[in-house]
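Work through the exercises below with the sequence and the model open side by side. Each task is followed by a solution in steps.

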Amino acid sequence: METLQHKQMTTATRQEVLGLYRRIFRLARKWQAASGQMEDTIKEKQYILNEARTLFQKNKNLTDTDLIKQCIDECTARIEIGLHYQIPYPRPIHLPPMGLTPLRGRGLRSQEKLRKFSKPVYLKSHDEVS
């Protein structure tokens, strides 16, 4: 019974991922740059397509449902942010070095760890790809 439920969950997850992939390609087809310039529109469309192909290819062999869910959440967040701000590129975050308050001590390692945990969901895979 449990394997059947797991298989159905995998099928549902697969459908969700494929739906997101199609949604991104439809979005790229209809994309218009905020500047209104044709060369910007072409460059941004190409960025959307390349980014989608790269990230989906990188994550195609994931089997852990929690990691798949994180990737789906990141993809959805990037789509919504891109549509809202009319920019396809992930919005950067600006944290000053040593700007996060550590639990104890002020070591560089604890700052790096806090920085990693404070990264928004839509930027989780950005540094790995670019």
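**Exercise 1. A charged patch**

In which helix is Arg29 found? State also how exposed Arg29 is and which residues gather with it in a patch of positive charge.

Solution. The model is a predicted one.
Step 1: Arg29 is found in helix H1, which covers residues 2–30.
Step 2: the relative accessible area of Arg29 is 58%. Exposed means over 50%, so Arg29 is exposed.
Step 3: on the surface, Arg29 gathers with Arg22, Arg26 and Lys30 in a patch of positive charge.

**Exercise 2. The overall make-up of the chain**

Solution. 

**Exercise 3. Salt bridges**

How many salt bridges does the structure hold?

Solution. 
Step 1: the structure holds three salt bridges.
Step 2: in one of them, the side chains of Glu80 and Arg23 meet at 2.8 Å, N to O. Glu80 belongs to helix H3 and Arg23 to helix H1, so this pair ties together parts that are 57 residues apart in sequence. Glu80 counts as partly exposed, at 40% relative accessibility, and Arg23 is also partly exposed, with a relative accessible area of 31%.
Step 3: another salt bridge joins the side chains of Glu51 and Arg78, at 2.9 Å, N to O. Here the link runs between distant parts of the chain, from Glu51 in helix H2 to Arg78 in helix H3, 27 residues apart. Glu51 and Arg78 are both buried.
Step 4: Lys69 and Asp73 form a salt bridge through their side chains, at 3.1 Å, N to O. These two residues are four residues apart in helix H3, so about one helical turn separates them. Lys69 counts as partly exposed at 44% relative accessibility, and Asp73 counts as partly exposed at 34%.

**Exercise 4. Aromatic pairs**

How many aromatic pairs does a search of the whole structure find? Describe the pair of Tyr47 and Tyr89, and name the residues that ring pairs link into a cluster.

Solution. 
Step 1: the search of the whole structure finds three aromatic pairs.
Step 2: Tyr47 and Tyr89 form an aromatic pair with 4.6 Å centre to centre and 55° between the planes. Planes under 30 degrees apart would be stacked and over 60 edge-to-face, so the pair of Tyr47 and Tyr89 is tilted.
Step 3: Tyr47 sits in helix H2 (residues 38–58) and Tyr89 in the loop between H3 and H4, and the pair links these distant parts of the chain, 42 residues apart.
Step 4: Tyr47 has a relative accessible area of 19%. Buried means under 20%, so Tyr47 is buried. Tyr89, at 32% relative accessibility, counts as partly exposed.
Step 5: Tyr21, Phe25 and Phe56 are linked into a cluster by ring pairs.

**Exercise 5. A nonpolar patch**

Which residues form a nonpolar patch on the surface?

Solution. 
Step 1: the nonpolar patch on the surface is formed by Tyr85, Ile87 and Tyr89. Together they have about 250 Å² of accessible area.

Note on methods:
Residues are numbered from 1 along each chain as its sequence is written. This is a predicted model: local features need pLDDT of at least 70, side-chain atom pairs count only at pLDDT 80 or more; totals for chains, interfaces and linings use all residues. Side-chain values use heavy atoms; hydrogens and water are left out. Patches are made of residues with over 30% relative accessible area and no salt bridge: like charges are joined within 9 Å, nonpolar side chains (Val, Leu, Ile, Met, Phe, Trp, Tyr) within 5 Å. Accessible areas come from the Shrake-Rupley method with a 1.4 Å probe; for residues, only the protein chains shown count as cover. A salt bridge is a side-chain nitrogen of Lys or Arg within 4 Å of a carboxyl oxygen of Asp or Glu. Lys and Arg count as positive and Asp and Glu as negative; His and the chain ends are not counted. The place of a charge is taken as NZ of Lys, CZ of Arg, CG of Asp or CD of Glu. Buried means under 20% relative accessible area, exposed over 50%, partly exposed in between (1.4 Å probe, protein chains only). Rings of Phe, Tyr and Trp (its six-membered ring) pair if their centres lie within 6.5 Å; planes under 30 degrees apart count as stacked, over 60 as edge-to-face and the rest as tilted.
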